[in-house]
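Student: I'm new to this one, and I'd like to learn how to read it feature by feature. Could you walk me through it?

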Amino acid sequence: MQASTNRLVVGGKPLRSRLFLGTGRYPSPTVMRQALDASGAHVITFAIRRVNLDGVEDDSVLRHLADRDLVFLPNTSGAADAEEAVRIARLAREAGLGDWIKVEISAHPRSLMPDPLETLRATERLVAEGFVALPYTSDDPMLCKRLEEAGAAAVMPGGSPIGTGLGLLNPYNLGWIAEEAKVPVIIDAGLGSAADAAQAMELGADGILVNTPVARARDPVAMARAMMLAIEAGRLSRLAGRIPRKRYATASSAPEGRLFAAPDAAAGGRHAGAVEGGGR
Amino acid sequence: MRTIHECKLYVVSGENYHPDRGLLEVMEAAIRGGADIVQLRDKASPKRELLRKARAMRELTRRLGTLFIVNDHPDIALAAEADGVHLGQDDLPVASARQMLGPDRLIGVSTHALPQAIAAERAGADYIGAGPVYPTGTKPDRPAATLSYISEAARAVRIPFFAIGGIHPGNAEDVLAAGASRLCAVSAVVGSPDPEEACRRLRGYIDRRQASRPPSPSAAARARLTVNGRAVETPAATLLELAAEYRLADRRVVAERNGEVVPRASWPDVPVREGDRIEFVHFVGGG
């Protein structure tokens, strides 16, 4: 986790928001725009795909976002290895919308788990070509360290597989990653609701990236706002410092001045009240 | 009544080129020489004067059986019952002019590069002017688009296009050889001491070229490529022409040829050859 500056800075760019929003799978472009507004997101993600040669309509997602001040983070989804990811990144850069790239190399069709070796290779090559590389990675602290050393502008470990909504499956690892990282940590993938976003921030993440939990929520616009609030709440909570977990209860109300005598701890509380309280 | 597809020689008025002769006299000579579509272009006159000229031109063209187009002003075109209006890149968009003129009147658009041509075609223009092919006194500030634009347009534009800009009997054959089948002239006709003869000569080149041209591009000139994973055959010679074939020339798309990104600025220069693998991609929603 970065020091407690108020602004997240990635690749030298100060960002207005710690929420990175995906642009896929919304019910309509209008809902996407409204969700984007509600989320306050500054960084938005895209995919690169072939143009439909038979369609005459301009279906580029950018058409709906042309009027906004945003940082564009195209992903390399669809790449199976470093080579393909680099090709997609070069195509994305040629679009003239910046040199950020989310390295996403998912080789397994059912888990969409990122391939760690290819992700590291692609990150090295993209950094060498001057990209601001943000690799989506598994929640492995050592791998995140290697990606950081390779020049990643941020590391983006997944909470759980993409689109599952299973939340943070390994908070222990994610906490480690946040503690060790010298670059921003963006928890990407698998979040299900605002609670997961808050938890990610409490673990020490610098931001989160969500798409499906917003786009496929019953009310995407409301969920976008919930995510924004959860990030703020989670981050404040982290900075405020949570209390340690304890085995036994500690009364919130001070014992001094209580009307009746405290139960006897040795008696385990059972019947103590009856003895002391005198009942009949 | 003639259709735009039948028209081959377009003459645009320019009264400053013939101060000693009347508009109607010169335009009539042009039509008698073979112009089959004429345009009233007059940036100086007030509208009332323009309407008077437009009505007179309508009279003349109706009598001689040619199409009549008014430059810039849909309202004048309607009031004078012209066949259509011609728009520059900074004039009304085609869609707005179409709203005013209805489906049957012609809308032409001046274009200076292939993306503009494709955009005009997609917007519903009936024909385009393509140029200036050569530097011209009519548009002194505009750099020439050159013959390469004519070749591109010939491959990629489906609506009729008229090559325009500095065309005269001395260079018409070059323009036709580059792929034009229709010409448009201003000063070479209306500034000539004999507009009828100037048109006759231009018309002669057009008709001879037409007669000698093979009916369709030969199959040998078509390359077999893979575009976005699909096997295709194309007459396109460059990446820009290929993009235009798929109506992508003016869209925010990125191209890759055989695994290498091709910057958009080089699309006109990068050839497409037999066996090439081309990708056209764009941004879509994603996480």
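Student: Let's start with B:K53: is it buried or exposed?

Tutor: Keep in mind that this is a predicted model. Buried means under 20% relative accessible area. B:K53 has a relative accessible area of 11%, so it counts as buried. You'll find B:K53 in helix α2 of chain B, residues 47-64.

Student: Which side chain does B:K53 make a polar contact with?

Tutor: Look at B:D42: the two side chains are joined by a polar contact of 2.6 Å. If you skip the neighbours within four places in sequence, B:K53 is in contact with B:E15, B:L23, B:L40 and B:S45, as well as B:D42.

Student: Now B:T111. Where does it lie?

Tutor: B:T111 is in strand β5 of chain B, which covers residues 106-111. The same cut-off applies here: with under 20% counting as buried, B:T111 is buried because its relative accessibility is 1%.

Student: What polar contacts does the side chain of B:T111 make?

Tutor: One is with the side chain of B:Y149, at 2.5 Å. Another involves backbone: the oxygen of B:G129 lies 2.8 Å from a polar atom of the B:T111 side chain. Beyond its neighbours within four places in sequence, B:T111 also has contacts that include B:Q89, B:A117 and B:I128.

Student: What would an edge-to-face pair look like?

Tutor: Go to B:W267 and B:F280, with 6.0 Å centre to centre and 70 degrees between the planes. B:W267 sits in the loop between β12 (260-262) and β13 (277-285) of chain B, while B:F280 is in β13 of chain B, 13 residues apart. B:W267 is buried at a relative accessible area of 1%, and B:F280 is buried too, at 0%.

Student: Where does a charge sit over a ring?

Tutor: In chain A, the charged end of A:R93 is over the ring of A:F131, 3.8 Å from its centre. In chain B, B:R264 places its charged end over the ring of B:W267, 4.2 Å from the centre.

Student: Last one: how do I read a sheet, say the one with β6, β7 and β8 of chain A?

Tutor: Follow the strand order and direction. This open sheet of 3 strands runs β6-β7-β8 in chain A, with parallel pairing. β6 (100-103) and β8 (156-157) of chain A are at the edges with a single partner strand each, so one side of each has no neighbour in the sheet. Between β6(A) and β7(A), residues 132-137, there are 4 bridges, and A:I101 stands opposite A:A133 in β7(A). Helix α3 of chain A, residues 116-128, lies across β6 and β7 of chain A, at about 175 degrees to β7(A).

Note on methods:
Residues numbered from 1 in each chain as written. Chains lettered and ligands numbered in written order. Predicted model: local features only at pLDDT ≥ 70, side-chain atom pairs only at ≥ 80, totals over all residues. Heavy atoms only, no water. Pairing = 2+ DSSP bridges. Helix = DSSP H or I, 4+ residues; strand = E, 2+ residues; numbered from the N terminus. Contact = heavy atoms within 4.5 Å. Axes fitted to C-alpha atoms, helices over the stretch in contact; angles between N-to-C directions. Phe/Tyr/Trp six-rings, centres within 6.5 Å; stacked < 30°, edge-to-face > 60°. Buried < 20%, exposed > 50% of the residue type's maximum accessible area, 1.4 Å probe, protein only. Lys NZ or Arg CZ within 6 Å of the ring centre and 35° of its normal. Polar contact = N/O pair within 3.5 Å; in protein donor to acceptor, adjacent residues only side chain to side chain.
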